[in-house]
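Hi,

Here is the model I said I would pass on.

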Amino acid sequence: MEWNLVFFLNSALLGVGLAMDAFSVSMANGLHDPKMNRSTMAKIAGTFGAFQALMPMAGWVCVHTILELFSSFETFIPWIALALLGYIGGKMLLEGIRGGEAEEAAELSTGALLMQGIATSIDALSVGFTISEYGWLMALVCAVIIAVVTFFICMAGLDIGKKFGTKLSGKANILGGVILIGIGLEIFISGVL
């Protein structure tokens, strides 16, 4: 592979494809907290972007070092994503059913954000296989492009979620939880089938 427009276009399209789960989770986060400030939004989008960059690089490293270990781990990816997103979504769903929403939505904890980042990007590990013919610098540039694309897509998802969260008021936690559980099921079903 050489440095050309096709490389940059392919990297950007990989970013768009990989960011779809993070986009949906970002919308759910925006639904959960319609009064979220820009710095929190940037933290969430930045976390998703960082994980979307780290996972393909980790996959690339696995291809070039420990291929057998990664291939045995790959079968667990859908299960891990389902467990993480099911847990977070179930928790949001229960909060919404029990007492509606508090006057101010609770801020997304660092642990929950890291779990979301892992769950939405774990399938990006397999992208390391598709970029394995790249040299390390090209793989790194590809990962950075994926991160930037993911960041902007997630910021858009957060904005959309915030707008609907304001309109949905007390039902936002329920809808956000259902969305996260649905994303977990989609990752699981597409990964297993």
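Before the notes, one term: buried means under 20% relative accessible area, exposed over 50%, and partly exposed in between, with a 1.4 Å probe and protein chains only. This is a predicted model, so local features need pLDDT of at least 70 and side-chain atom pairs count only at pLDDT 80 or more, while totals for chains, interfaces and linings use all residues. Residues are numbered from 1 along each chain as its sequence is written, and side-chain values use heavy atoms, with hydrogens and water left out.

Aromatics to start with. By the definition above, Phe 7 and Tyr 134 are both buried. Rings of Phe, Tyr and Trp (its six-membered ring) pair if their centres lie within 6.5 Å; planes under 30 degrees apart count as stacked, over 60 as edge-to-face and the rest as tilted. The search of the whole structure gives 6 aromatic pairs. In one of them, Phe 7 and Tyr 134, the ring centres are 5.4 Å apart and the planes sit at 70 degrees, so the pair is edge-to-face. This pair links distant parts of the chain, 127 residues apart: Phe 7 is in helix H1, and Tyr 134 is in the loop between helix H6 (127–130) and H7. Helices (H or I, at least four residues) and strands (E, at least two) are DSSP runs, numbered from the N terminus. Phe 7 and Tyr 134 also belong to one aromatic cluster with Trp 3 and Phe 8.

As for the fold, the chain has 8 helices and 0 strands. Of its 193 residues, 44% count as buried. Contact here means heavy atoms within 4.5 Å. Among contacts in the chain with a separation of 6 or more, 93% are between residues 24 or more positions apart.

Which residues touch the most other members of the largest nonpolar core? They are Phe 48, Leu 85, Ile 131, Tyr 134 and Leu 180, out of 41 residues in that core. Helices H1 (5–32), H2 (38–64), H4 (77–99), H5 (110–121), H7 (136–168) and H8 (172–192) each supply at least two residues of this core. A nonpolar core is a set of buried Ala, Val, Leu, Ile, Met, Phe, Trp, Tyr and Cys residues joined through side-chain atoms within 4.5 Å. Leaving aside neighbours within four places in sequence, Leu 180 is in contact with Val 25, Ala 28, Leu 85, Ile 88, Gly 89, Met 92 and Gln 116.

Over in helix H7 you will find Ala 139, which is buried, with a relative accessible area of 0%. Again leaving aside neighbours within four places in sequence, Ala 139 is in contact with Met 57, Trp 60, Ile 131 and Tyr 134. Ala 139 and Ala 53 are 86 residues apart in sequence and 9.8 Å apart in space, C-alpha to C-alpha.

Last, the cysteines. The structure holds 0 disulfides, a disulfide being a pair of cysteine sulfur atoms within 2.5 Å. Cys 62 counts as buried because its relative accessibility is 13%, and Cys 154 counts as buried at 0%.

Cheers
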